[in-house]
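Q: Can we go through this one together? I would like to start with a sheet and then look at a helix.

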Amino acid sequence: MFQAIIASFQQKGPRLFHAALGPKRKGAVHMAAKAAGEKLSKKEILVSTWRRIARNWGLYLLLLPAVVLLFMFTYIPMYGIQIAFKDFTPKAGIGGSPWVGFEHFQTFFNSFQVKSLFTNTISLSLYSLIAGFPFPIFLALAMNQIRVKRFKQTLQVATYLPHFISTVVMVGMLLVWLSPSSGLYGNLAKLFGVQEPPNILGMAGAFQSIYVWSDVWQHAGWDSIIYIAALAAVDPSLYEAATVDGAGKWQKIKYIDIPFLLPTAVILLIMRAGNIMNVGFEKVYLMQNPLNTMVSEIIATYVYKIGIISNQYSLSAAVGLFNNVINFVLLLLVNQASKKMGETSLF
Amino acid sequence: MKRNWKKVLGLLLALCLVTSLFAACGGGTNSSTSSSGESGASSQQESGAEAGDSNFNATGLPIVNEPVSLTFLYVKGASLRDLNENSMFQEMEKATNVRIDWQYAGDADWAEQKSLLLAGGDLPDVFFGNNSLGDMDILTNLDLFVPVEDYIDQYCPNIKAAYDAEPIMRKLVTQSDGHIYTLSSKLPMRPKACDIPFINQKWLDNLNLEMPTTVDEWYNVLKAFKEQDANGNGDPNDEVPLSGSGKGDMFDWIRYINPWGITDSLETNYLALEQETGEPIFIPADERYKEAVQFFEKLYAEGIMDQEYFTQDGSQSDAKLKNEEVSLVGTGIAWEVSSATTPHSDEYVPMLPLAGPRGDRYVRGNDGIIIYRRNEFTVTTACEHPEIAMRWADYYSSDDISIQSYWGPFGEALEKADDGTITFLDPPEGKTGDVWYWEITCRDYGPKYVSPETEAKIQLPADSGDGAKLACDEDFKEFVAQPYPQVNYTPEQMDEISKLTVDIYKYVKESWANWIVNGGIENDWDGYISQLNQMGLERLMEIYQEALDAYNAG
Amino acid sequence: MASLGSIKRQVTWNDLIFNIILYGMSIIILLIVIYPLYFIVIASFSNPTEVANGKVWFVPSQFTVDGYKEIMRHSELWTGYRNTIVYTVLGTVIGLAVNIPAAYALSRRDLVGRKLITFFFIFTMFFNGGLIPTYFTIRDFGLYDTFWVMVLPFSVAVYHIIIARTFFDSSLPQGILDAAQIDGCGNLRFFFQIALPLSKAVLAVIALYTAVSQWNAYFNALVYIRNEDLKPLQLVIRNILITNQAMAGTGDGLAAQEARRLSELMKYAVIIISTVPIMCVYPFVQKYFSQGVMIGAIKG
């Protein structure tokens, strides 16, 4: 019965499930030639391509501001990537600093901590990704179903507010609440009869969980906004059709809402995968203490600490570049995988 | 309606395009893509007339005949009001004819801005105050700064006299290449001892205990604090005999290990000096440190040391010390006891240094940091007339100006009598003097020197923070050990140090926290030392020895 | 039709359970989220020592407005407020004008070079020259220490472009474009007259995201702005809150402690003051997220 709904949906809005589908719109000549089974000469392909470009001049105009700005302020400065391969000193400038090749990368990899740095960074990032991913979707789906308008609005506003709390204050609050002597955690434990609760802030094993779940608490609401907006575009007649067919609320969510959100969700997941090495510095740094550094020392905090005593421009540039390369490779991989699975892809 | 909508958007789009192009061309190209900031700052310096020989006076006031403006970069705390409102600076400007154009940097993110500025921004004429540039910043960018030793000899009688009278001031700022790039300062009315131990006398009285004089007595007292109702509120469990914050680093705790025979240098380098031989010691690799850690492991295990010591931050440990209803903390170490322990400061008293297992009694102190500072005044190559800046600095280092720069202008914070006696005026209602001084003047920052004769004429109020500290210092200064001095490193040494110490310090901190909380130092010690050596500890100590030798020789 | 009746009853029973679970969970979520926010409000009115000691639960402890008073003392805060409002409004308009058209163009399958251009954008999410060369570039283009630097050079947000592109991809049926083209509608006209009005939801989302990131921005100001009059709110706030380092010295007793105390005092109040405005914006944007915004277009 639900296949009928899906089929009717596809007639109305063919893009809603597989955004990668859709006919490629080549020129009329090209189509005609293909139909006739002829092979086009190179010149004819070139001409038809130019025609298509010329016909869509408006689209290129729409692209222009973004392209110009990106070029001016992101591509031009890219010559600075060479800092990672030089021994940069301010007085010599970028041009005058000597080349050292991969020396800084070697310094980084020779560090005693490098293995734990990688493990810590990647595991924290993955944990964050996996834990943080479903909640915004879940929230959006739930809020979409709430009919009581006031309650819905209150819930929405309340869930996105924590996003605005600055990291410094957030960590400060965590330290106060999780204190075994005077915090919420301590008092709750005493309520349950545990007189001297263990200090979870000092437990290396708890670090990642505290970090990740406080992040989820803080950002799930804000991240759900985009899914709420996506759900707003669902044609209500679909719900009506589903009701007529006897679908309950669960089924509506399962067969209408979730597939509708899928393209957006996949794209966001791909982009998050491309950020895997970029675990935020500030929150980790503030949450570090000597009892958890074996888990909490990540690449970003390490680079920061090296740079405290001496300005290690080139070393931080090298590590940063390395991070970016890994991110990029991962993005390409995940993107490929997503294409293979027939879902949406980034490009 | 739709047409208008489209028109508006189209216009907006066009506007953006035009603006971005305009911004690109209109601003012009200062083609200094990799400059070292030499030409950059001249736009900020408005030289009135030709500030050449004709304008500049080698001696006397004013310094220049036609007004000249210099840009000073100063990292300013948010509570300090604009220095242009400071009457001392206003007087100085009138007297010297040199206007100071203050560029303030917020200290929150100064580190980021600093590297950018040094890498190619517009340099100010002078970096003012030791919180603007650190040793390493100066060391790795010597080309950006002007060597001033000749200017000192030629134009700066005050500074020269100060350096002659107290050679440490010259030593602190002489680099390995023999040049002087920054100026040092001597703060007036400073104590010799840094942080001193204190204990809750009321708790001792409540439990009929004697003031402890050795670490073992101290342990017994703390144990009693823990087990009995020391603060007298009926609850025997709410006392925290020893608290503090070890969350960021070891430097809160390192103050406690003096009884075992080592004191740190007050810098964050874990270095002490062997008192007899003068050799540098890496504290976390020393036997005495091991003993201290074992002692504290016992304290932690028995609940005497705050179980949250390693996870709470400074504000939380402060809050325990300053708890409103009843005092919660039994002992600690602080710069000045009464201000650290409000609102129950009447219960706490300074505790003379405890004697350790070998009878050592030490308190940490370092003249080179408490009294003398460096990097207070750095002239950059952007300054077209270093002689003007240096003469200004010399005038700033005169007795009167130095005193005013530390506490506040005459007439507002101080009063100078005809015979030269300096007395202090009351701060505004509701403020303490110490807090107020930080609001009106640059306090610690800037070159300074007050001659001993003038210092003797300053009458510090006994209840001010400075006064109380000095009074207290009388009892403690004899216990100050010789620290590892503030040496000067070469850029290569600093580079090596920074690379070696990242791994070493992390390992040290992790082991330290782990041993105190979980024990096991006996078994781990040998493996720990050999691991440290693998990380390059021996090489690190070599560097420190070299730097020390150079310092002692120079 | 007996079967239909029984299905209907079954469906209603399921729906009831569903609703119970839904509203139950929502209330729990609401409480989990609201309590910490409430905590911030009451903490901003409490003595910071009491807060750090965990004494603040449901009411302020040792009620004080000193935090707010201290904040008001800093007049540069108001300049910061004004600047941030300007940056936010301008930045949002420019951000929309730059990113949305690009996103639409990229969503069109028949764009020649689509993959290449997309790659051009995405590449910049991963690789950039670093702070120093960007700094030089900004300087060379004359944007240093101007207000433009806050709203123009970094206004391209590839993340937003991708999101918007996905929206255009999945919500604009091909049929509309086909019909319009048959009617002789050009690309630009289609974009402005048809695509945009249909995409209110995504416009609202991107506008909101852009506005919030502008509101929270401080790093660019830190690097590129020297003029006190141009500094945005968050930068001023950071300077106020993290100021105690200048006074720490080697434990200069009273002053350092006072600075720390003030910073603690203001911590929570600052959040309230700097966040309230942006919180008020969302309800206005919310109406674009209500269901069925697209109905008219499709049916037509």
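Predicted model: local features only at pLDDT ≥ 70, side-chain atom pairs only at ≥ 80, totals over all residues.

Q: In what order do the 4 strands of the open sheet in chain B come?
A: The order is S6-S9-S5-S10, and the pairing is mixed.

Q: Which are the edge strands?
A: They are strand S6 (240-242) and strand S10 (348-350) of chain B, each of which pairs on one side only. From one strand to the next, the twist averages 25°.

Q: How many bridges join S5 to S10 in chain B?
A: There are 3 bridges between strand S5 (residues 196-200) and S10 of chain B, and the two strands run antiparallel. At one of these positions, Phe198(B) has Pro350(B) in S10(B) as its bridge partner.

Q: And what holds paired strands together in general?
A: Strands of a sheet pair through backbone hydrogen bonds, either parallel or antiparallel.

Q: Which strands does helix H9 of chain B lie across?
A: Helix H9 (residues 215-227) lies across S6 and strand S9 (329-334) of chain B, and runs at about 165° to S6(B).

Q: New topic: how many residues does helix H8 of chain A have?
A: H8(A) covers residues 134-145, so to speak 12 residues, and reaches 17 Å from its first C-alpha to its last, close to the 16 Å expected.

Q: Which residues in H8(A) are buried?
A: Pro136(A), Ile137(A), Leu139(A), Ala140(A), Met143(A) and Asn144(A) are buried.

Q: What do they pack against?
A: The buried residues of H8(A) pack against helices H9 (149-160), H12 (204-231) and H14 (249-273) of chain A.

Note on methods
Residues numbered from 1 in each chain as written. Chains lettered and ligands numbered in written order. Pairing = 2+ DSSP bridges. Axes fitted to C-alpha atoms, helices over the stretch in contact; angles between N-to-C directions. Contact = placed C-beta atoms within 7 Å. Expected span 1.5 Å × (residues − 1). Buried ≥ 20, exposed ≤ 12 C-beta atoms within 10 Å, placed from the backbone.
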